[in-house]
Each structure stands twice: as C-alpha cells, then as structure tokens.
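This briefing covers charges, salt bridges and backbone features. Look over the sequence and the structure first.

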Amino acid sequence: MGLTNFPNGLTSFGVPILGAGAVVTTGNVFFVDSGVGVDGISGGSSPSSPFATIDYAVGRCTANNGDFIVAMPGHAETVSAAGGLALDVAGITVLGLGSGSDIPTVTLDAAAADVDVDAASVTIENVKFVSAAEDVAVCIDVNADWCTIRKCHFVESAADRNFLICVLAGTANQSDHLVVEDCHAVCDDASNTHFVSFPNAQDACIVRNNILMGDWTTATIGAASAVTLTAILNNIIFNTDNAADNCINMHASSTGFVGGNLVSNAHASQKITATAMGIAENYASVNADDESGILEPVAT
Amino acid sequence: MSVPYVHTGNVLFVGNSSANAADNISTNGGSADKPLSTLIYALTKTTANNGDVVLLMPGHAEDVALDWTFTSSSISGVKIIGIGEGDARPKFSYTTGGATNFVWFNGPSGVLLENLRFHSASSDPLAALYIDGANFTIRHCFFTEDTSNGWDNVIVTSAEVANGADGIVIEDCYFWNPDTNGECISVNHTDNVTIRNNLLMGHNQARAIGMDTTSSVSTPIFILDNIIYNAASVANSCIRLNASSTGFVARNLVSNAHATDKITATACGIAQNFASVNADDESGILEPVAT
C-alpha cells in the first residue's frame, strides 16, 4: 500500500486515514485566524501560518474542488458593507472550529452589511454571526443553489443591534436546494421579521432541527411566494411576537412537508399556515398560559 | 459531511474533474493528485471483501448511458463514497432514458453507496438503481431529476431475482422527484429490509414506498421515520405493502392528495404514523386508524 496524500492535511503510510475529524476532502484546506494570521499568498496552508480573513481565503479557493476554509477557534471577522464577505467560489466549505465562546465569529456592524452566497454548493458550518448595528437588513443573503448553513449561531450583540432577517433566500429559483439545519438563533429585537425568509419562489429547500428563540413579526420561517417540495421539520420556535401565523407561514401554493415542529408565540391561536403542504405532528403553545401545546393546525 | 471509516483495504480515488485523471491503475488511483476517471473502471480493480474503498472526489460527474451492470464478485464489500456537498457531490446523470437506462448491481454483496447523487436527465430511465445483491447499504444518497424527466422507478430491490437484495438498508436519503414517477423505493420480493430516515418529496403515481402487492412479500420489513410528500391523488400511494409482509411501519409522516388512505401494511406492526391531505391546511391524523 502506498503513500496517501491529503494536501496540507494527513499523510500516512499503511492504513489510510480518511480525513481528520470534521475535515474530509481531497481539495485544498486553508486556515484562517484573525489573531495571528496574515493575508498573503504564501500563507494559509497550515494552522501555524493562517490567513487573517475568510474573505481572503475565499479568493484562494478553486471552484468545485472540495476546498475547505477552516476558521480556527477564536477567529473574529467584521463585515461592514453589502457583500463585505462574498462566498463566491462554488463548492467551498467554511468550517469553524471551536465551541462556546471560541466559535469563530463574523460580526456585521452596518445596516447594509451582509454575507453573500453567490456561488453554488457553498457550505457554512459552526460560525457565529453577530449583529452589531441596528436593523441589519440581512445576515446571509443566498443567491445560489445548493447552499447549506449548518450548526451556525445568530445572536445580537446588544439591544437594538439586530438582524431583520437571518437567512434570505434571494432571487427567485437561485436558492434552490437551500438547507438550514441545526442552527441556533437568539434574536430578541422587536423589529426582526424572519429567521428564514423566502420572498420568492424556490424549490427543494430544507429547514430542520433549528432552535429559534426571538421576536419575528412576520414569520420565524416564512414564504411570501410559493416554495415547492420543501421540508420544514423538527424545529423548535419560541416567538415572543403576538401575531397570527408567525411561527411558520408558507405561501398557500407551497408544497412539501411541515412536520415535527414545536412552536410557540404570544398569539391566542394560529401559529402555522401551510395550506398545500403535508402537515403532521406539529405542536403549538401560547407563551403565557402554562399549558402544553396542542396539534397545530387542528386535525379533523 | 463526514466519512468516518477506517480501512485496512485499498483506497481508490476517482475524480474526472482532475486534469490528471486517467483510467490506468499502474499510474493512477492511489492519490487525489492522480485519480482514476471512472467508477466503472475503479470497480474492476477492487478486491472482494477486503475493506476496499472507492472515494469519488468533489465535482466528479459521470453520464450513465444505457445500462451499467456490475456482476463481478470482486465488488463485494466495497464502500463507494462520495466527497462533497451540494452540486459538488459526485453525480451520475442518466442521459438516454427509457427501459435500457439504469445501473444494476447483479451479484455483488455487502456494497455501501454513500453520499452520491443519481440524477435523471432524460425521460423515464428504468431506475437509478437495480439491486440484486445481498446486504447493500444505500446511505445519504440523493436522487433527483430534471423537472420533466422522471424515473420509471427510482430504487428497485430484488429487481430481477427474488430475494436478491435481502438485507438491504436504505437510510438518510433524499428524493426530489417532481415529475410523475412510478415508485420511489420499489421493494420486490426481499427479506430483511430497512428503510428509515429518508425524505421523499415528489410525485409517485404508484407509491412512494411500495411493492407489487400480488407477488412480492417481505419478511421482515421495517419502514421507520420517513417523511413523504406525494403530489399524487392515489389511494395508498405513500406506503403500501403486500398483505403478507411482516415487520413494522412506524413514525412516518406522510401526505398525498388523496382524501383518505395513505398507508397499507396489513400484517405489519403499525404505530405512530401520521397522514395529511396536501390541500387542506390541517394536521395529519393517525394512519391507518386505530380502533
């Protein structure tokens, strides 16, 4: 058995070692650490000589090559303009290392600042997004198919420092196959409108296993246009807003499934609307009455 | 994405997006820098039950024209694993359609297919996968189609040989099939079947998960924790098993456009399945009814 090379990763004789922990790829691996990193062409290839920014590392990636950008524990990056962090190389993964306060952070400090996903098949995992300006319009603006946002955190840095929308599926049918899973949001500002917003038609999206705590006036997960063959599954939603149908509100022509969600808001009755979708085993409670949730919508 | 396997067998790299790719085992296949070009070639270079792994690299894409039939016992026990997410996930496009366009594993056993995408790019290929090998595992694979190019059926177990696919496991897979298809997972006469944690979104005019109700029996079969949205308005088109099949059908959430019946599994244990109608904004109810 010969030498098995993983570029900048593992090299082993004998028993092949398939990747190291979370990084499994045959592509390039670039490391990023704002504490000691330098954005320069000679760096990035090891934890001891990382780049300083994810934005720079993106420019070093090769499209559809399985390239990883590994943000090291404690990495912090600030985005101050629209598209200030543009994930515009297809097939890349931005992976944060660390837990708790060591999770890499991307802070948006202007209302127009956002993270743009403009190339297909981009994955973002284990990154904390922090709002540090009032009414930041969108945190992650997705305008490319097959984007996955996984195990990410969305938080507000202080009062009146908020994301109106955490994840926006933007241009019609240019966010098909969007997946938002295993994320955690705490977004308390009363001006917030959505955690995930589908203002335009999309297809084959999945929003599942997220824990969403906040105040979303329009809908925590909402589709103003028809999204088709889309699954909204097993989310936990606590919405302090008092409006009908603002936990999950899908356009009446949307298709797919809404199942296994546990939701709560301050409104007396309606929490979920998804007329043309399969619906099952969602339970909803009112925030104020010390009573267990009941099947939502009703079954007949 | 993780590929947490540790192997003592050979590892073959396959990636036709690499400029260095070539189907020549004397020079290629041992590293990501010099991969093989095709899965077909790689599967002629494996050793049976040796723990071999075929790693398909991100962006790898092959067309399946007509039929690919794998009969060699040297494929037994091989893990075929894709690396990559989204559209960079290794992809097999079925380009000719019709009854002669399919992939058929006929004989090899114990094969794992993981993190691969099978895509219909022509009208009604016979199937993405015909399985006539024991103890297959199909895990976290994606089955998609062009909007107007559905499949005849998507996965067919024991397709040509009764009990040919005994022991099959289909789990954590994703089916996106908007065109009118036959069956999504078609279980012919197959024993020890496990179908769990799959997400099936589509239009299956026959059944999403089902079998020929007159000639196919599965003992046992376990259908657990699947989410099914079927646009078809056909009775029993979510899950339907032969009346003599045994096993358990549980915790599935299903929906179709038919007013009532969604699941039939007469001789199986049945519990905690809920079914709704696609059009009425009402929660699903226990299916079938409890008395």
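Predicted model: local features only at pLDDT ≥ 70, side-chain atom pairs only at ≥ 80, totals over all residues.

Residues are numbered from 1 along each chain as its sequence is written, chains are lettered from A and ligands numbered from 1 in the order in which they are written, and side-chain values use heavy atoms, with hydrogens and water left out.

**Surface charge**

- A:Asp118 sits in the loop between β9 (115-117) and β10 (123-125) of chain A; strands are DSSP runs of E with at least two residues, numbered from the N terminus.
- Together with A:Asp39, A:Asp55 and A:Asp88, A:Asp118 forms a negative surface patch. Patch residues have over 30% relative accessible area and no salt bridge, and like charges are joined within 9 Å.

**Salt bridges**

- The count over all chains is 10 salt bridges, each a side-chain nitrogen of Lys or Arg within 4 Å of a carboxyl oxygen of Asp or Glu.
- One of them pairs B:Glu85 with A:Arg150, with 2.8 Å between the closest N and O atoms. B:Glu85 is in the loop between β5 (79-82) and β6 (91-94) of chain B and A:Arg150 is in strand β13 (residues 148-150) of chain A, so this pair joins two chains.
- Both partners are buried: B:Glu85 has 11% relative accessibility, and A:Arg150 has a relative accessible area of 12%.
- B:Glu171 and B:Arg196 form a salt bridge of 2.7 Å, N to O. This pair links distant parts of the chain, 25 residues apart, with B:Glu171 in strand β14 (residues 169-171) and B:Arg196 in strand β16 (residues 193-196) of chain B.
- B:Glu171 is buried at a relative accessible area of 8%, whereas B:Arg196 is partly exposed at 33% relative accessibility.
- B:Asp225 and B:Arg251 also meet in a salt bridge, at 2.7 Å from N to O. B:Asp225 is in the loop between β18 (221-224) and β19 (227-230) and B:Arg251 in the loop between β21 (247-250) and β22 (253-256) of chain B, so the pair ties together parts 26 residues apart in sequence.
- B:Asp225 is partly exposed at 25% relative accessibility, and B:Arg251 is partly exposed at 46%.
- A:Glu125, A:Arg150, A:Glu181, A:Arg208 and B:Glu85 belong to one network of salt bridges that share partners.

**A side chain facing the backbone**

- B:Asn149 is in the loop between β12 (142-145) and β13 (155-157) of chain B and is buried, with a relative accessible area of 14%.
- A polar atom of the B:Asn149 side chain lies 3.3 Å from the backbone nitrogen of B:Ser123.

**Backbone geometry**

- The peptide bond from B:Thr219 to B:Pro220 is cis, with omega near -10°; B:Pro220 is in the loop between β17 (199-210) and β18 of chain B.
- B:Glu287 and B:Pro288 are joined by a cis peptide bond with omega about -10°, and B:Pro288 is in the segment after β26 (285-286) of chain B.
- A:Asp135, a residue other than glycine, has a positive phi near 55°. A:Asp135 is in the loop between β11 (128-131) and β12 (136-142) of chain A and is partly exposed at 26% relative accessibility.
- For B:Asn115, phi is also positive, near 55°. B:Asn115 is in the loop between β8 (112-114) and β9 (117-120) of chain B and is buried, with a relative accessible area of 0%.

Notes
Patch = residues over 30% accessible without salt bridge, like charges linked within 9 Å, V, L, I, M, F, W, Y side chains within 5 Å. Areas by Shrake-Rupley, 256 points an atom, 1.4 Å probe, with all protein chains shown as cover. Lys, Arg positive; Asp, Glu negative; His and termini not counted. Charge placed at Lys NZ, Arg CZ, Asp CG, Glu CD. Helix = DSSP H or I, 4+ residues; strand = E, 2+ residues; numbered from the N terminus. Buried < 20%, exposed > 50% of the residue type's maximum accessible area, 1.4 Å probe, protein only. Polar contact = N/O pair within 3.5 Å; in protein donor to acceptor, adjacent residues only side chain to side chain.
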